[in-house]
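Please look over the sequence and the structure shown here before reading on. The report that follows takes up a few places in the chain, one after another.

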Amino acid sequence: MKILHIISSLDEKYGGPSILLPELCIRQKEINVDVNIITTYLSNESLTFKDKILNKGLNLKIFKVFTKYRFSITLILWFFKNLRNYEVIHIHGIYRFPVDLAFIIAFLNGNKFIFSPHGSLDPYLFNRSDNKFIGLFLKKLIHLILYFPLKKALFHFTAEDEKRLCMLKNIVSKSFVIPPIAFEIKKTDILNKNYLKSILKIPKETFLIGYIGRLHEKKNIDSLIKAFNKISLETSSDIGLFILGPGSKEYRNFLEKIIDKTKNNNIFLFDQKPHNEIKELMYGLDLYALPSHSENFGITIIEALSVGTPVLISDKVNIYQNIKNYNCGKIVKNELNSIIAGLSELINNPKNLKLMRKNSLNFIKSEYSWHSIIPKYKKMYESLKN
């Protein structure tokens, strides 16, 4: 089977989909699938993914673009000339020129194609744009233009809640629900549990809460900071909050102002780190927190659980029910008082946290192995032949 994956960018600063896709493609190639990737990049974006993909023998084509919407004449010509050569077109995301164009040309060509929204059709995200009124108008216009291609597409959702919340569920004719990636249980015997705390220069007994990921309004990190500060003022326990990630300058400045206002020396805000260092940082946390307003899947949640770090997440994270069922974390509302109560409960209940660490590893082993996930992807692709 010859598959073409199309994604606007593979720069890690854009979060989950950009990080997940190369690993999925590598695994697909291992089962003798002919995997090809098309993407674009702006001059200020990283190409660190390039060597990893090419070294694994995957076919990668990158088009340089010059605007936020990622318009490219050479990409148009390439699509018209080459899309017919692929049995399956797998499109990741919407509202950017490369993927929106792929829908149209694949539809006109009669290609079989799969659409992975990656949370972009969640009402929370849909209603938030850089310029709200113009942004909403353009999104609705794109829905109108792509109505027939989307109606023909096979939708790939990464969680049942993503499918339930989908803005366009009325036109979904066929869909699969498959996690976007697998995570093996990470070996931690060579890692130093106190490495992160030594970097932060805090005692190893400190209860360290952390958020690692893209800094974005939807992640609700500002509420996490406020909740942590309130608890730290009211408890005698030694606690710390570590925040790491790339993001917009505006939101980072917003978070810095909140931190400065607290005058809390145990809140640490760091810039982006390479993705291959995340495992050791996650392992150094006592609790990973993501009280998001909206979250399609949450790759960082699975990364935390894969090293035995329990999580605190909101019920707007689409895999929260699984976390609840396996008791490997605390589910809260995405509001300040609920986050405060959830953090306090976990900080003051070390026995339950110990159980959650054990349950975390059981969860990863049971639900997120490549052995169980790759056959599901294979079945999804093969269903297009019918």
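## A histidine with a positive phi

His118 is buried, since its relative accessible area is 19% and the limit for that label is under 20%. This value, like every other one in this report, comes from a predicted model. His118 is found in the loop that runs between strand β5 (112–116) and helix α5 (123–126). Most residues other than glycine have a negative phi. His118, although it is not a glycine, has a positive phi of about 55 degrees.

## An asparagine in another loop

Asn220 also deserves attention, for its phi is positive, at about 65 degrees, although Asn220 is not a glycine. Asn220 lies in the loop between strand β8 (207–212) and helix α10 (221–234), and with a relative accessibility of 1% Asn220 counts as buried.

## The cavity

Rolling a probe the size of a water molecule over the atoms shows where empty space is left. How many cavities of 30 Å³ or more does the count give? The count comes to one cavity of 30 Å³ or more, and the largest cavity has a volume of about 60 Å³.

Helix α1 supplies the largest share of the lining, namely four residues. Sorted by class, the lining has six nonpolar residues and three polar ones, and no charged residues.

## Two helices that pack together

Two packed helices are described by the angle between their axes and the distance between the axes. Helix α1 (residues 16–30) packs with helix α17 (residues 370–382) at an angle of about 80 degrees, and their axes are 11 Å apart. This angle makes α1 roughly perpendicular to α17, because angles of 65 to 115 degrees are given that description.

Which residues meet where these two helices pack? From α1 there are Glu23, Leu24, Arg27 and Gln28, and these meet Trp370, Ile374, Tyr377 and Tyr381 in α17. The residues of this contact divide into five nonpolar, one polar and two charged.

Along the sequence Lys378 and Met1 are 377 residues apart, yet their C-alpha atoms are 9.8 Å apart in space.

## Two further buried residues

Thr300 has its place in helix α13 (residues 299–306). Is Thr300 buried or exposed? Thr300 is buried, with a relative accessible area of 13%. If its neighbours within four places in sequence are left aside, Thr300 is in contact with Ile212, Gly213, Met282, Tyr288 and Leu290.

Gly329 is found in strand β13 (residues 329–332), and with a relative accessibility of 10% Gly329 counts as buried. Not counting residues up to four places away in sequence, Gly329 touches Val311, Ile323 and Met356. Gly329 and Phe228 are 101 residues apart along the chain, and their C-alpha atoms are separated by 17 Å.

Terms used:
Residues are numbered from 1 along each chain as its sequence is written. This is a predicted model: local features need pLDDT of at least 70, side-chain atom pairs count only at pLDDT 80 or more; totals for chains, interfaces and linings use all residues. Side-chain values use heavy atoms; hydrogens and water are left out. Axes are lines fitted to C-alpha atoms, for helices over the stretch in contact, and angles run from 0 to 180 degrees between N-to-C directions. Angles under 35 degrees count as roughly parallel, over 145 as roughly antiparallel, 65 to 115 as roughly perpendicular and the rest as oblique. Contact means heavy atoms within 4.5 Å. Ala, Val, Leu, Ile, Met, Phe, Trp, Tyr, Cys and Pro count as nonpolar, Asp, Glu, Lys and Arg as charged, and the others, Gly among them, as polar. On a 1 Å grid over the protein atoms alone, a cavity is a set of points where a 1.4 Å probe fits but cannot get out, and a pocket is an open set with protein on both sides within 12 Å along at least five of seven lines; lining residues have an atom within 4 Å of a point. Grid points are joined across faces, edges and corners, and a volume is the space filled by probe spheres set on the points. Buried means under 20% relative accessible area, exposed over 50%, partly exposed in between (1.4 Å probe, protein chains only).
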